[in-house]
Every structure is written in structure tokens, then in C-alpha cells.
Amino acid sequence: MEGNIITVDTETTGLNPYRGHRIFCWGYMTDKGEYGFCSKSKESIAWLKKLLNDSTKTIVFHNAKFDLKMLMFEGIDIFNLKADIHCTLILSKLYSISGKYNLRSLAQQYCNRDTTDKDEIILWLKRNGRQFVKENGRPPNFKDAPIELVKKRCLWDVESTLLLFIALRKKVTWDKELSKLYDTERKIMYVCIDMENTGVKVDRARAIKLKQECKWGVRTLQKLLNSIVCPLQIREEKVIDFKANSSALHLPAAFKKLGIRLEYRTKPKIIGKNEGKWSFDRYSMLQYTHKHLIKLMRVSSEKGWKIKDFYKIFAAQVKKYRLKKKDCFPAIVLKIREQIKLISTYYDNILNESIVNTGILHGTFNPSQAITGRFSSSNPINLQNIPRLSGPRECFICRDNTVNVYFDYKQVEMKFFVHFAKDKLMAKAIEEDIHIYVATQIYKLPKEQITKEQRQRAKGINFGIIYGAGPNKIAETLTKDGLPTNEYEARVLFESYHESFPSVQETTNKIRLKLLREGYISNPFGRRYHIPTHLAYKGLNYLCQGTSADLMKESMARIWSFLNVNGLKSKIIQTIHDELIVEIAMDEQEIIPRIKSLMEDHKRFFLPITVDISVSTSRWSEKEEWKITL
DNA sequence: TCCCCTTGCCC
DNA sequence: GTACGGGCAAGGGGAC
């Protein structure tokens, strides 16, 4: 083969190798115009393996993480390839101007490729799907499509990838910072694959038990709801089973029947055109909730009460205050929705997606999905939004002979916020308690007089401000968090905040100017954010989020190399934005401080970036502060 | 059956 | 005059 740059694309029977999906063919193209397409066979994989280990070659994929992972399942040692591996998805995300990163749009945008043809395989799957299921008892995948279509698509893809690589590589590598980011992202591919491959261990029996408890709650609360509002007249139909998730039909009808006047609407889609639909989210529902039940709702969520305990106290309250059925309605709707959510989003997935014998759950982490640079997690389950208090974390357990260690960047987004605003007073306060300090400023009280609730309010405002919130949104968030705040109160606090910390608005103004002049802003790692000027208020948040994300990525790459170079058994298993979960082998616990120091950064930023450590020897829900026990 | 909307979980 | 950042997934229900 003459070409030294070779693009490769594998076609697979699906997206999840842990569900048995595999490569069935692949194609390539070189910068000298050579190309080929072949079915998977022992020989063709051996040939590809040799290519991937030719140190004179540059191999390019579009979304290399995916192809490499699939190749791993063909027995290729992807972690020690000799060829130089590149990825046009990462390149295009780093160069980032458009919001679309599938190969078709990129090829059109950067390579002027014609994309008027529809994707013929997708069309084929759509046209023949139903018939196929009838004949084969399963939906068709790419392998079932006519091979000429697959070949055509595959070759189109490798050609586009090649053009894209040539167009983008220099744009990224000419910039020193972007080039470094690119190298980190390429390492992160392997970290991610390793992490996904290791998976997390779940306790299926516990998930079954907790699911049963929730189901009891749903049954009990559902009976109550039905007895309160059914039969319910919806159009011509008499509904006898009320759906608490139906905010379009059932909830408005139920409120009407109970004689509760509706007050809150969702944001209209087209401003002014439409006044929005009735809203029944937690914020609105709490406004309709009876005063004797509000505290119960708050405490039960805060403490993560099991449904039976909630129900006991709830029944007692109802009796004590002689509440009518209609008084209980909003609270019951909220509670049943919590239970439904726990079952369908968490317990069902934990049970359906973990491997029955081993209890291992393989999630997917995507390092280049979020525009800020954060990871996202999905498929088959999002491992980054597991509830902290209400049960599911009990199902995540340690593997035998390991402990799970949680390395948490302490207040990291807050620190970067101060870093960008360069606010000296805040910087000083962050070492002690930033939320109390902000409370002293906005309430104009000495810190001894700050109540727990005022601190919590200040905390809500701090995060709201980082996210670019206005007074209304702050009121909403605080109320949802169990701190009832009206819009007037929120406005006073909001203004008081900006009077105390003028540096914050100054920073946003600077960002706006920079966007006006250059069209983008960059974080300290050189990651660029193209933001339209009228959305400049997002800039500060992108910087905080993105800086924290890039710091985490660098750390992960370092830690992963450290573990590998030293031949350690311990594994990175999860990342939740500013938290890294490492499964530490029982006999390797001495590396915990080392990992901490690989993550911390005392030099580069306005404030030292430090790490807190927690550890669990049993369940995620049981994690506690780490004390040196070496 | 597909897709939008609403809701709700995480940081 | 304006307004909570980034994600993912599920259920309901209208559109086709």
C-alpha cells in the first residue's frame, strides 16, 4: 500500500458490543487513492490488525472510539497499536463552528460533498423493516441490508473521512493549544473504552427489592388518586385510571374537577404567539400543595425516605389536620411521579441492562457530545444522573476485593467562576465557606447571624448566577429546592448579589465584547466556544464548565497512564463531571494519595484546585469520607 | 410509528 | 427590551 494516511470505517450489526453487536464488514481509503471493501473474515481482520500496527501509517476513523471498541471485540489489542490513530469527529468538535457533527453534514460543510442523496440503508431499513420482522422475528440491522448499499455507504464514508481529515487536521494542529487538547482527547478514547469495558457492578437482588417497594407505592397512591378524581371526563371518554404523567389531559381535567384554579403555564414556544400550556411540574405543584404537606414533601425528598415511611407520616398528617381529599391531591401526584420515575428510568434499566450472572452494567461515556467539553453518558443507561438520595445508588456495589474511591474536585466550578471574575474577596471566602460569605453580603449581616436557610438560599443563588439565571429562575429553583421564594424576594437578592459582586457582570460584559469582536471565546485549555452575541450570558458558564471538564480529562488521561504503566489492577470506572470513581484493588490502596495528587493543581489557576476523597466498601449510597488507613 | 413536549434526574 | 448552563431518558399524545 502506497498511501500513508488510511481512513477506515467498520460497519456493525448494532451499537452495543455487550449486546452481541459485531463488525460484519469494513472499508478503507488511502491518500493515494487506494481503496477497498471486504467482509469480516479471519484474513481480513488479520490484515487490518497488521495495518493498525504499522508504525509508518496514520489511521483515521470518524468516531474512532466506536470503531476501536468494536475492533477490540475482534481480538485486536487496541490499547497498544503502533500506527498513529486519529479521529475526525474529535477534530471537528475541537474546530467546532457548526452544531452538526455527523459525517454527512461535516462532509458537506468542509469538503463540499454532495449530500442530496438520502442514506439508502436507512431508507431500506425503513421500507423493509416490518416485513423483515414478520419473517425473522427481529428488526433488521445493517448486515441485513443489500451488501451493495452497505459498500456504497462505507466507501462514501471513508472518502469523506479522508477529505475531512485533510481539511481539518492542520486547522487543529497549527494551534498549539488545540493540538494539545486533541492529544488529550485521543488518549481519552482509550480511557473511555477501558472504563466502559470494565463496567460497574450492580446488586440485582437489591434492585428487585427496591423496585417492589416503589411498585407498592404506585399501587397505593394510584388507588388514592382514582378515588379522589375518577371517573374523570376527558373529551367523550370517562377515565377511571388517572395518569399522573398526563399534563396535557388528565391533570388539567382533575384540577378542574377539584375546583383548583390553575395559575402556572409553561414557556410558550413562540413568544407572544401562544400563552403556553398549563404547567404541572414540581414547582407549580408545590404552589398548589396544602401548607401542612409542603414540609413533608421537602423533607421526604431531602432525606430520601422510602415510600412506606412517607406514606405513614402522610396518613398521620392527613388525620391530624383533617385534610380533605382534594388537599392531598397535588402531593400525591408528586409522590407517585417520583415512584414511576424511579422504576422506569432506574430500576428497570439496572435490571434489564446488567448481565444477569455477573451483575456488570456497561454504560457508554461520550467525551465529545457536550459543547462545553464535558462527558455525557447514555446507552443503555445514563450513569451520570443516578439519584443521590432515593434508592438507586444502593444498587451500585463494589466488586470483590476492591473498594470504590470517589475523587471529587472540591467546589471546582465555583473556583473557576472566581478565577474568571478575578474577585479577590470571593477568592478569600472560598477557602472557608463561599455560601456563607455570599449570604453575609446579600443579607448584609455578620456571619454569626447567618441561618442555615440563608446559607442555602445563597448557595442556590451562587449556582443560579453561574448558570446565568435571572430573578424569576432563581425564585423557581429555590422554591423547587424547598425554599419558597417569590419573584420579588428573588429580585431583591439578585440585585443585592450584583451590587456586592460587580466583577461578575463586568466579566460577562467582557465576554460579550470578545464575542462581538472575535465570534468565539476560549477556555484556559484553548477549547473554543462559538456563541452568538445575544447569548453572551452563557459564556461564563461555558468557561466554568469547560475548564472543569478539560481539567478532568487531563487528569483521567494521566491516571490511566499511571495505572497502566505500573501494571496495576485498579480501574477508572465512572466520571460524573467533577467526580472520578476509581475501583481500587484491595492490595493497591496505597495509590489513593497518588491519584489525588495527579488530579490536583495548585499552580495554573487563580485558586488551588484540590480534591476530596470518599470511599465505599459496599454500596455507592454508603460512601463516606476517606481517612488515611495505610 | 414517529416526533415533539413536558417532566425530572445529575453536575 | 432580556433571562438557567450542560446532559439523557421516559411517558403522553398529536401528526401522519
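How far is a phosphate oxygen of DNA strand C from an N or O atom in the side chain of Arg-235? The gap is 2.6 Å, inside the 3.5 Å limit for a polar contact between N or O atoms.

## About the model

This is a predicted model, where local features need pLDDT of at least 70 and side-chain atom pairs 80 or more, while totals for chains, interfaces and linings use all residues. Residues are numbered from 1 along each chain as written, chains are lettered from A and ligands numbered from 1 in written order, and side-chain values use heavy atoms, leaving out hydrogens and water.

## Around the DNA

There are 35 residues around DNA strand C, counting any with a heavy atom within 4 Å of it. Arg-235 is among those that come nearest, along with Ser-246, Tyr-467, Thr-477 and Tyr-542.

## Inside the protein

Now for the largest nonpolar core, which has 180 residues. Such a core is a set of buried (under 20% relative accessible area, 1.4 Å probe, protein chains only) Ala, Val, Leu, Ile, Met, Phe, Trp, Tyr and Cys residues joined through side-chain atoms within 4.5 Å. Ile-85, Phe-242 and Phe-329 touch the most other members.

A second, separate core has nine residues, including Cys-25 and Ile-121.

Definitions and conventions. Polar contact = N/O pair within 3.5 Å; in protein donor to acceptor, adjacent residues only side chain to side chain. Buried < 20%, exposed > 50% of the residue type's maximum accessible area, 1.4 Å probe, protein only.
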